[in-house]
Amino acid sequence: TSLSDPQLQKAAQALRENRPQLAESLLRRFLYANPNNAHALTLLAEAVMRFDRNDEAAGLLARSIEIAPDFTGARHNYVTVLLLLDKRQEAFAQIEALFKLEPNNPGHHGLKAMAHAWVGEHAAAVAEYEVVISYGPKHPGPWMAHAHVLRMLGRNDASVEAYRKAIAQFPRLGEPYWGLANLKTYRFSDTEIEAMRAQLASGDLA
């Protein structure tokens, strides 16, 4: 299955534009004629999740995985829905299935870290985020999440180091500076203050 069909492309575009009602309508029409299209089922699950219909989304994703067991995107979304439904054991079983399909995918470690943090297992989350960071991800999410979870564990020195690493990787990102300030005990150096002022003065920040 793929998103090559124009109707699925329209539905995906509607979701990107935050028009889930239109997406749902398009997808139900498509699935009436193509009931076993795993991509359509997964997109429909995303649409109904926008309306907090998580039980329905879980059923759609389970069906998608049944049709296409190697469809990692569907399994990834299924983990999130299962956590929302407080089905922890089932969520972690899906994560293990993802690792069996793609043992070396750092994204699965990120998902597992998020799941551990979700259920309050912060030490396990830190260990998974450290694996993700060892791959040098090109977006700030894992770097920031790693620092946040360290802060929640009360490991303030390690949290400071993690926020500083995020700044080194993404010097134009304000969030790690906010994270440092939010520790309440951190004092910014003159160099850090000048770096923030320089970013503000640059005039081209979003």
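Trainee: Is tyrosine 186 buried or exposed, and what is its relative accessible area?

Mentor: This is a predicted model, in which local features need pLDDT of at least 70, side-chain atom pairs count only at pLDDT 80 or more, and totals for chains, interfaces and linings use all residues. Residues are numbered from 1 along each chain as its sequence is written, and side-chain values use heavy atoms, with hydrogens and water left out. Buried means under 20% relative accessible area, exposed over 50% and partly exposed in between, for a 1.4 Å probe and protein chains only. Tyrosine 186 therefore counts as buried, its relative accessible area being 15%.

Trainee: How many aromatic pairs are there?

Mentor: Rings of Phe, Tyr and Trp (its six-membered ring) pair if their centres lie within 6.5 Å; planes under 30 degrees apart count as stacked, over 60 as edge-to-face and the rest as tilted. By this rule, the number of aromatic pairs is two.

Trainee: What is the geometry of the pair formed by tyrosine 177 and phenylalanine 188, and which parts of the chain does the pair tie together?

Mentor: The two rings are tilted, at 6.3 Å centre to centre and 50° between the planes. Helices (H or I, at least four residues) and strands (E, at least two) are DSSP runs, numbered from the N terminus. Because the two residues are 11 apart in sequence, the pair ties together helix α11 (residues 175-182), which holds tyrosine 177, and the loop between α11 and α12 (190-201), which holds phenylalanine 188.

Trainee: Which class does the pair of tyrosine 186 and phenylalanine 188 belong to?

Mentor: Phenylalanine 188 is partly exposed at 25% relative accessible area. Its ring centre is 5.2 Å from that of tyrosine 186, and the planes stand at 85°, so the pair is edge-to-face.

Trainee: Which residues form the aromatic cluster?

Mentor: Tyrosine 177 is buried, at 9% relative accessibility. One aromatic cluster is formed by Tyr177, Tyr186 and Phe188.

Trainee: Which side chain of opposite charge is nearest to arginine 75, and how far away is it?

Mentor: Arginine 75 belongs to helix α5 (residues 72-84). Lys and Arg count as positive and Asp and Glu as negative, while His and the chain ends are not counted; a salt bridge is a side-chain nitrogen of Lys or Arg within 4 Å of a carboxyl oxygen of Asp or Glu. Arginine 75 is buried yet has no salt bridge, and the nearest side chain of opposite charge is aspartate 70, at 6.4 Å.

Trainee: Which residue places its backbone oxygen 3.1 Å from a polar atom of the arginine 75 side chain?

Mentor: Contact means heavy atoms within 4.5 Å. Not counting residues up to four places away in sequence, arginine 75 touches several residues, including Ile65, Gln94 and Leu101. The backbone oxygen in question, 3.1 Å from the side chain of arginine 75, is that of proline 69.

Trainee: How far apart are the closest N and O atoms of glutamate 96 and lysine 112?

Mentor: The structure holds 13 salt bridges. One of them joins glutamate 96 and lysine 112, with the closest N and O atoms at 3.4 Å.

Trainee: Which helices does this pair link?

Mentor: Glutamate 96 is partly exposed at 36% relative accessibility, whereas lysine 112 is buried at 17%. The salt bridge between them has its closest N and O atoms 3.4 Å apart. The partners are 16 residues apart in distant parts of the chain, and the linked helices are α6 (residues 88-101) and α7 (residues 106-118).

Trainee: Which helix holds both glutamate 161 and lysine 165?

Mentor: These two residues form a salt bridge with the closest N and O atoms 3.7 Å apart. They are four residues apart, about one turn of the helix, and both lie in helix α10 (residues 156-169).

How values were computed:
A polar contact is a pair of N or O atoms within 3.5 Å; within protein, one must be able to donate a hydrogen and the other to accept it, and residues adjacent in sequence count only if both atoms are side-chain atoms.
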